[in-house]
Amino acid sequence: MEQAIAGSGPDRLLRRLRAVMAGSYEAQERLDTIVGDIAESMVAEVCSVYVLRADSMLELYASHGLKTESVHVSSLRVGQGLVGTIAASARYLSLDDAQKHPAFQYLPETGEEPFNSFLGVPILRAGRVLGVLVVQNQERRKFTAAEVEAMATTAMVLGELIATGELDSLSGKGSVLDLSKAMQSEGIALSDGIGLGHVLLHEPRVVVTNLFNEDPETELKRLREALLKLQVSLDVLLQSGSVPADNESREVLEAYRMFAHDRGWNRRMEDAIHSGLTAEAAVEKVQNDNRARMMRQPDPYLRDRLHDFDDLANRLLRELVGKSSASAKDLPRGDFIVVARNMGAAELLDYNSSRLRGIVLEEAAPNSHVAIVARALGIPAVGQLPGFVSNAEQGNAVIVDGDEGIVSLRPPGDVEGSYIEKVKFRAGRQKKFRKLLDLPSLTRDGVEVELLMNAGLVMDMPQLELSGAAGIGLFRTELQFMISATLPRASEQEVLYRNVLDSADGKPVTFRTLDVGGDKVVPFLETITEENPALGWRAIRLSLDRPALMRTQIRALLRASMGRKLRIMLPMVTEVREVETVRQLIKREVELQTRFGHEMPRKLELGAMVEVPSLMWQLDELLPAVDFISVGSNDLYQFVMASDRGNARLANRFSPLGKPFLRVLRDICVKAREHNTSLTLCGEIAGRPLSAMALLAIGYRSLSMSPAAIGPVKAMLLSLNVGLLSQTLLSALDGQNADEMTIPELLTDFADRHGIPY
Ligand code: PEP
Ligand code: MG
């Protein structure tokens, strides 16, 4: 019997599982029989099934080969151990020496010690992780691609079993995923604010319930017909003229059409049907494999292509199960929160609607493009919540707290009530801030302060008027590159810059040249793997090595200016001669463009960002060589303190309000005054009232921040006697006495005593 199953491949196993699924068994007995059959078929000494519980624990539900006492006792958190890693990433792991894997965690109660080789696959249903299926062997062996395939197919059957609810009563401790329970999850705050709405799954699920085929020929026919329909519908769409040429979505559709004819994809689906699956189960199976590959793919371009396949598979599934082709872009009624594993910045822009209230992402770090765009749009966002998508159902109520990094799914009434209060309170504050808008930006002792805003997309521009900013202190031109599928052409860059200058309507705008490289990845620009990307080939360094890229941008800026004033700022300047080189480049470009008859800027100013510490010892050369400087305190801080700005573990270890960094900032200010060079600061600290207060006290008179920060900073400065604070702060800054208050303590004490809001 053992030989018969082992030698007959996955179709035989699938037939056997089908019989077990249809037979009358008690729930545990059915599961035990299934793991026994899988172990035999895979010639494995161990086969175990872990089921995901509502508390995000993966409980051992059945095992052939591990100690029986550990069933319903052993469990692992999502992300913990090999099993938890598989659940968190939704991809399989195949190891010939499991104990060498960094995530390996030994569970003594299971007696798994002697087993070396390990193959684990996620149990997926409609894109949701429901558990993990594992086989293990003592002997060190490599699992073949066919074995991985067979396990993935088998895992689909287990997904079906879990979804029936039959296993719910077996759990040792908690319930299996319960999609009606409230759930509070803590991740990482990506974008400020609080949003209430209903879940909109970025990848809506099509649930396949019919797994086993009666007759492969019928299923092959169904698959071919559905594929043909899909191909024809794409052809019709492309020929209808409704998608203009040179439009980005046309390129995507053309790629889809090509993929719909992809032989490899078709063959893999046909193979799955031959192994015993229905057409829709075969599509889902290949889609699952594809998703796993997608997540392993480091190249963003190839990852995007795999994404296209995923989208196509979704369309094909809908075709096969007869669902209308509603897509994620068909927005629900009412306010909504987009929930996804991850997404690109451009995809987020597709959702942009006044009813989009928030974003929840399982992956995404604060520096990811999607996070940057969420902040630019002012949409609350939380990231790094492994397993969240599995728990969310389309239409569930959800609250995103982008201030604290918390997401509340299906919130109970009291939680919802307290958030509604919080939103009201915030709205009230905003209203108060709006009243300050027209007041002159003067401290209580009459010192004038320029409040500017940071921007990067055309859609930021309405904020210039709404926030009351005096201009744009930092326009991050790289955002256009980061959200675009291809390199923006010179004409596209020019249109953007002209639009920005038009909507600024005479207010000053400082355009920063491309700050890409390092962690700011632009898919179509050449990338290299660097050991220290933050210290690598980025920003002005990359631009100087790719003069054509820089010249195109300068040309676009010059042409867009059309007789107006133009301010250009260079990121990551390390040596003064870099500024000189760019100045020459600009000069040549101005001559050329003038010859071509283009109207050049009325006045052109060239500035440098001070964000590399080497400039601290070149200020006497730099300041006369530029028209202005702007301190990029985000980068300057990370370099001065040797403390990665994106590393959550270091986030609160040191403070930019500590003496070392404030002394650096003060020295820049003193030098800029000496040389009479205009000075701004445009890092995140400019937008926090308490740190902005410190900046004013050490001499800064111009700050650039996110538009939402302008109200709170203005409220602070209107009630600040900056002269008084300066005396106290400057003497404390040079004080050597360790018993004194720390600078943040001194600032809060001053603010409290003088009734300054911070
Ligand atoms: C900075 O480094 O402070 C800055 C403003 O630039 P970015 O955050 O874009 O690096
Ligand atoms: Mg910077």
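Is Asp 335 buried, partly exposed or exposed, and what is its relative accessible area? Asp 335 is partly exposed, at 27% (buried means under 20% relative accessible area, exposed over 50%, partly exposed in between, with a 1.4 Å probe and protein chains only).

This is a predicted model, in which local features need pLDDT of at least 70, side-chain atom pairs count only at pLDDT 80 or more, and totals for chains, interfaces and linings use all residues. Residues are numbered from 1 along each chain as its sequence is written, chains are lettered from A and ligands numbered from 1 in the order written, and side-chain values use heavy atoms, without hydrogens and water.

The whole structure holds 40 salt bridges (a side-chain nitrogen of Lys or Arg within 4 Å of a carboxyl oxygen of Asp or Glu). The table lists some of them.

| Pair | N to O distance |
|---|---|
| Lys 142 and Asp 96 | 2.8 Å |
| Asp 335 and Arg 357 | 3.2 Å |
| Asp 515 and Arg 538 | 3.7 Å |

Lys 142 is exposed at 64% relative accessibility, whereas Asp 96 is partly exposed at 30%. Arg 357 is also partly exposed, with 32%. In the remaining pair, Asp 515 is buried at 2% and Arg 538 is buried at 3%.

In the side chain of Glu 611, an N or O atom is 3.0 Å from an oxygen of ligand 1.

Definitions and conventions:
A polar contact is a pair of N or O atoms within 3.5 Å; within protein, one must be able to donate a hydrogen and the other to accept it, and residues adjacent in sequence count only if both atoms are side-chain atoms.
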